[in-house]
Amino acid sequence: MNRRQFLTVLGAAGAVGSSSLFPSAARANGDGVAKHLIIVFASGGWDTTYLFDPKPDSPLVDTPSGDWRLFGNSGLWVSDSRPNVSQFLDAYGSVTSVVNSINVPSVAHASCTHRMLTGSRDASRPDVAAIIGHELGSDTPMPYLDIGGNARPGVLGSDMGYMGDNNQLRGLLLEAEAPTPPRGTDWHRYFATDDEYDRVEAYVQSRAARAAGRGDLGENARRLESFQSGLRRSHQLRDFETFFSNVGRGRTFEDQARVGVEALQAGVSRTLFLSLDGDFDTHTDNAEQNELFDSVFGSLLALFDKLATTPGHTAANMLDETIVLLASEMGRTPLLNGQQGKDHWPITSCMVMGAGIRGNQVVGGTDEGLGALNTDLDTGETVDTGGVVLQPEHIHSALLELLGIDPEPWFPGAPALRGLHA
């Protein structure tokens, strides 16, 4: 199907009405508020034309081969060589929104990753999962659990736990797996006893009291609270030794997904960071994107199947109370380079899925050269006048709202992309 035929089909679909073609996504919980966020991150910067933002017949874009698939108000690029993409959309498209034309104003991996996750250039800013964990996870020992290893907790570091490359967190909790103490010492515990905990907390509080005027305001107060919060959380974590004794040491994405969902279900954490296998940084042989996308959606299927079959806290299953953000740090240039690869591009796409998400839709859009078009934040549609160029913080504000959190203190001046809301 060429571009003109595709647009003709889209026009017919619009005339019929998308609600008659696709089921609408139900709100996840009885109260319409999600309880968890999972970030799934694909490193390297993907070519959005391989799925999210196809450009058939555009002379300004080198595109892959494949077939069109209608997806709500727009279309996605699919192929028989990427069967996992179609399987995922068949199973979970009703709770999936694609977001195009996101501007991350850089072409450097580190800065784009930070901007995509935090909505800011400030290195101290926490990512959106850290914020949500902080706001909602006061009853958990690790509000934010980083299993993939690329989270940005910023100033909220005391709320985050890191599993380690080989799940070394087990060694902190399980005495049988603790490293051998240095020769000549008998020290082997990593967590304080009840008595030690009380003594340390009393010491910190007394020091803060003696430093009145210096330790009760601003950065000093924040650091004291951060230390005491971390101490309290480490004490809570001892209650989950049984959970961690059943956590394996696997590092594939499927291992990450299994451990992460079980951690949410067990009350260990509220938010997760998971990292996908593979690297999308295809400066040579851009056709590798095809296999990478199929791998991504095979991993997503495993994650969503795990969520759908794990009992929820208040809903039937964890999928009904969890939002998943699938993102990469940047896009790739419209045209191939001399090595048949594509270089870095500051316009990218993401997917937002799960509880309370309006499904079967594509939000935002780009012109024929992959330049960002303005988007109406309330509808998600591209507009000729008004609207904004989408930034990561517009998506993050929407996620906070969906989880019942006021985004203004965290993302001032960045209104939510409410076109994502069911």
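The model is predicted: local features need pLDDT of at least 70, side-chain atom pairs count only at pLDDT 80 or more, and totals for chains, interfaces and linings use all residues. Residues are numbered from 1 along each chain as its sequence is written, and side-chain values use heavy atoms, with hydrogens and water left out.

Start with the largest nonpolar core, which has 55 residues. Such a core is a set of buried Ala, Val, Leu, Ile, Met, Phe, Trp, Tyr and Cys residues joined through side-chain atoms within 4.5 Å. Buried means under 20% relative accessible area, with a 1.4 Å probe and protein chains only. Phe88, Phe244 and Leu303 have the most contacts inside this core. Helix α11 (residues 288–308) gives it the largest share, nine residues. Helices are DSSP runs of H or I, at least four residues, and strands are runs of E, at least two, numbered from the N terminus.

Phe297 lies in α11. Its relative accessible area is 1%, so Phe297 counts as buried. Beyond four places in sequence, Phe297 touches Leu51, Asn84, Val85, Phe88 and Met351; contact means heavy atoms within 4.5 Å. Asn84 is 213 residues away along the chain, yet the two C-alpha atoms are separated by 5.3 Å.

Another core, of 43 residues, lies apart from the largest one and includes Trp410.

Now turn to helix α5 (residues 128–136). Its buried residues are Val128, Ala129, Ala130, Ile131, Ile132 and Gly133. Their cover includes β1 (36–42), α4 (109–118) and α12 (392–402). Asp127 caps the N-terminal end of α5, with a side-chain oxygen 3.1 Å from the backbone nitrogen of Ala129.

Conventions: Buried < 20%, exposed > 50% of the residue type's maximum accessible area, 1.4 Å probe, protein only. Polar contact = N/O pair within 3.5 Å; in protein donor to acceptor, adjacent residues only side chain to side chain.
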